[in-house]
Amino acid sequence: MLGKRYILGTIDQKTLGIIFRVDLNLSPEFSIQYYGSPFISKGAFSELKHVTDPVAVNYDERFAVYQNPVLVDGVYQLTDYDEGWPVVISVGNPDFNFHQFRSNFVAKWEYRLGSFIYFVWSSERTGRNGNSDASIGNSYKYLGDVYPNNIFLIKLNYWFSL
């Protein structure tokens, strides 16, 4: 009977993140600020293997690479051997494509000396799929398929003078 197995792999990962910010003062009383941060990370795993001797002096003796893994409907079928008998282990495909866009928009109006009205719009889109071979451009396009989480806020600040 097979005991606990730790399945590992070699990952080819590419990550791209950009942060941009714009501050614009349209008048001494009115300003707007925008912050945006798109982020893409995709990874493809190869050389799936299991741990055989984690403290071996030679690094290559610590793992046994699965020969001829078969990918069927997003699940790897890995053949392992228990006392000489072949045993098939099923492992979900770990490949990933993570995409996220976060942004904030703030408009501030000083309608009276010391008194402000703020309008804030915060938006966030986060998604993932297993399409690790997509280009960075296509990964950014996946953001359009993700339903956004939007938060709107209006804050009124009034200065009372005594």
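Two strands pair if DSSP finds at least two bridges between them, and the strands themselves are DSSP runs of E, at least two residues long and numbered from the N terminus. With that settled, here's a look around strand β3. This is a predicted model, so local features need pLDDT of at least 70 and side-chain atom pairs count only at pLDDT 80 or more, while totals for chains, interfaces and linings use all residues. Residues are numbered from 1 along each chain as its sequence is written, and side-chain values use heavy atoms, with hydrogens and water left out.

**Strand β3 and its partners**

In β3, Ser-46 is the bridge partner of Thr-10. That bridge belongs to the pairing of β3 with β1 (residues 7–17), which is antiparallel. The table lists the pairings of β3.

| Partner of β3 | Sense | Bridges |
|---|---|---|
| β1 (residues 7–17) | antiparallel | 10 bridges |
| β2 (residues 20–25) | antiparallel | 6 bridges |
| β4 (residues 63–65) | antiparallel | 3 bridges |
| β8 (residues 96–112) | antiparallel | 14 bridges |

Arg-21 has Tyr-35 as its bridge partner in β3, Gly-36 sits opposite Ser-103 in β8, and His-50 faces Ala-64 in β4.

Ser-37 is in β3, which spans residues 30–51. Is Ser-37 buried or exposed? Ser-37 comes out as buried, because its relative accessible area is 16% (buried means under 20%, exposed over 50%, partly exposed in between, with a 1.4 Å probe and protein chains only). Skipping neighbours within four places in sequence, Ser-37 is in contact (heavy atoms within 4.5 Å) with Ile-18, Ile-19, Gln-100, Phe-101 and Arg-102. The Ser-37 side chain also reaches the backbone oxygen of Ile-18, at 3.5 Å.

Glu-29 lies in the loop between β2 and β3 and counts as partly exposed, at 39% relative accessibility. With neighbours within four places set aside, Glu-29 is in contact with Lys-108, Trp-109 and Glu-110.

**Rings**

The whole structure has 9 aromatic pairs (rings of Phe, Tyr and Trp, the last by its six-membered ring, with centres within 6.5 Å; planes under 30 degrees apart are stacked, over 60 edge-to-face, the rest tilted). One of them is Trp-121 with Phe-152, stacked at 6.0 Å centre to centre and 5° between the planes. Trp-121 belongs to β9 (residues 115–129) and Phe-152 to β10 (residues 149–157), so this pair ties together parts 31 residues apart in sequence. Trp-121 is partly exposed at 34% relative accessibility, and Phe-152 is exposed at 54%. Ring pairs also link Phe-105, Phe-119, Trp-121 and Phe-152 into a cluster.

Elsewhere, Lys-49 lies over the face of Phe-63, 5.3 Å from the ring centre (the rule is NZ of Lys or CZ of Arg within 6 Å of the centre and within 35 degrees of the ring normal).

**The nonpolar core**

The largest nonpolar core has 5 residues: Leu-48, Tyr-66, Tyr-76, Leu-78 and Ile-89 (a core is a set of buried Ala, Val, Leu, Ile, Met, Phe, Trp, Tyr and Cys residues joined through side-chain atoms within 4.5 Å). Leaving out residues up to four places away in sequence, Leu-78 touches Ile-7, Leu-48, Tyr-66, Pro-69, Val-87, Val-88, Ile-89 and Val-91.

Technical notes. Helix = DSSP H or I, 4+ residues; strand = E, 2+ residues; numbered from the N terminus. Polar contact = N/O pair within 3.5 Å; in protein donor to acceptor, adjacent residues only side chain to side chain.
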